[in-house]
Amino acid sequence: MVTSVTSFGRSGLADWVLQRVSAVVLAAYALCVLGFFVTADSVDHTKLVGFFGSLPLKLFTTLAVLSLAAHAWIGMWTIGTDYVRRHYFGRAHTLFLAAYQVVCVAAVFVYVLWPLSVVWGDT
Amino acid sequence: MQISLYRYDPDTDESPRMDDLSLELPEGRDLMVLDVLELLKAEDPSIAYRRSCREGVCGSDGINMNGKNGLACTTPVSEAAPRGKLTLRPLPGLPVVRDLVVDMSQFYRQYEKVKPWLVNDTPPPARERLQSEGDRAKLDGLYECILCACCSTACPSFWWNPDKFIGPAGLLQAYRFLADSRDTATAERLAALEDPFSVFRCRGIMNCVNVCPKGLNPTRAIGKIRTMLLQQGI
């Protein structure tokens, strides 16, 4: 048993399941949005607001954004723990890996807050 | 035949080098790569490699031949070097002791982690613990592993995390005991594998299957461990 405090679910199984469930949500959301663009006669701001402003799509967008955050963190954490190697970085390894993870968390944080503020904001 | 041979003695060499050698091979015979190494060693006794049974049973002579891991004793030269030039390197990802000899301690540590022995706390029967033919058949394709390390050292996940990812060879053996009807430690074995590294670092690229000299399928065994973990976890 290898413990890790920075993995998303602290469990390989939980991360593995979540990554696949979130991928399905993101695929469904992408198809939904693509369907709108393909079937719409013309797309302007009013139609976009009408489409994305409906309650079901607000909830779906929120679910997709949270799925993206979980999916991205699990993926980026895996990449970091694969390629940021003690062999390359020596004593600075832990510091570099921590810095990498902080940057990833900050990016994920922005990618969650920004679309949610747009979707649920007053505009 | 042209041969490029990895040479390195950490005690005396600053860095590894590739020696270009040429060798006259007997006409009309397709030698095994181990035969080529024997001929080279006859000319230069300082060349180091492991060997023992020379028939693919002991797993001692796992090396990298023209970029692909395999057993030198069961790999014909024509298969390893179809274009004529044979390049021999040690198994990748493990520390080199000398030339083609690698330090397999990390590989064995991961093997030890999966407790590769039968665990059964129930009182032993008078003679032996029996299995049905069907249960015995579940071990086919698992018990044949000779621990040559060709698979684990072909796996990038093992290269990156050799201290955390069990690796295909160890996981094949983990499933060999998970699948054994006589073993009673299934829950404990699965609990020890559930973390983000031990099993789940496998990305399913199947390098292990591609190089296994015994034709085994560690990727399938890893998939079955994941399924067992899922069934237990949900």
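## Chain A: overall build

Chain A holds 5 helices and 0 strands. Helices here are DSSP runs of H or I with at least four residues, strands are E runs of at least two, and both are numbered from the N terminus. This is a predicted model, in which local features need pLDDT of at least 70, side-chain atom pairs count only at pLDDT 80 or more, and totals for chains, interfaces and linings use all residues. Residues are numbered from 1 along each chain as its sequence is written, while chains are lettered from A and ligands numbered from 1 in the order in which they are written.

Read from the N terminus, the elements of chain A run α-α-α-α-α. The radius of gyration of chain A is 18 Å, well over the 14 Å that the globule rule gives for 123 residues, so chain A is more spread out than a compact globule. That radius is taken over C-alpha atoms, and the rule is 2.2 Å times the number of residues to the power 0.38. Along the principal axes, the C-alpha atoms of chain A fill a box of roughly 60 × 25 × 20 Å. Buried residues account for 14% of the 123 residues in chain A. A residue is buried if 20 or more other C-beta atoms lie within 10 Å of its own, exposed if 12 or fewer, and partly exposed in between, with C-beta atoms placed from the backbone.

Contact means that the C-beta atoms of two residues, placed from the backbone, lie within 7 Å.

## Helix 3 against helix 5 in chain A

The axes of helix 3 and helix 5 (residues 93-120) of chain A come within 10 Å and cross at roughly 170 degrees. That makes helix 3 of chain A roughly antiparallel to helix 5 of chain A. Axes are lines fitted to C-alpha atoms, for helices over the stretch in contact, and angles run from 0 to 180 degrees between N-to-C directions. Angles under 35 degrees count as roughly parallel, over 145 as roughly antiparallel, 65 to 115 as roughly perpendicular and the rest as oblique.

Helix 3 of chain A brings residues including Val65(A), Leu66(A), Trp73(A) and Trp77(A) to this contact. Helix 5 of chain A answers with residues including Leu97(A), Tyr111(A), Leu116(A) and Trp120(A). By class, the contact divides into 18 nonpolar, 4 polar and 1 charged. Ala, Val, Leu, Ile, Met, Phe, Trp, Tyr, Cys and Pro count as nonpolar, Asp, Glu, Lys and Arg as charged, and the others, Gly among them, as polar.

## Where the chains meet

The contact between the chains takes 13 residues from chain A and 13 residues from chain B. On the chain A side, helix 1 (12-39) and helix 3 (55-83) are the elements that give two or more residues. Helix 1 of chain A gives the most, with 4 residues. That side of chain A has 5 nonpolar, 5 polar and 3 charged residues.

## Chain B: overall build

Chain B has 9 helices and 7 strands. Its C-alpha atoms fill a box of roughly 60 × 35 × 30 Å along the principal axes. Of its 234 residues, 38% count as buried. Among chain B contacts between residues at least 6 apart in sequence, 65% join residues at least 24 apart.

## Helix 1 of chain B

Helix 1 of chain B covers residues 33-43, and Val33(B), Leu34(B), Val36(B) and Leu37(B) in it are buried. They cover an arc of only 155 degrees around the axis, which puts them on the same side of the helix. The arc is that of the directions from the helix axis to the C-beta atoms. On the other side, Ala42(B) and Glu43(B) are exposed. The buried residues pack against strand 1 (2-7), strand 3 (62-65), helix 2 (77-80) and strand 5 (85-89) of chain B.

## Single residues in chain B

Leu178(B) lies in helix 6 (residues 168-178). It counts as buried, with 22 C-beta neighbours inside 10 Å. Leaving aside neighbours within four places in sequence, Leu178(B) contacts Thr186(B), Arg189(B), Ile225(B) and Met228(B). Gly67(B) sits in the loop between strand 3 and strand 4 (68-71). Gly67(B) is exposed, with 10 other C-beta atoms within 10 Å.

Leu147(B) is not a glycine, yet its phi is positive, near 55 degrees. Leu147(B) is buried, with 20 C-beta neighbours inside 10 Å.
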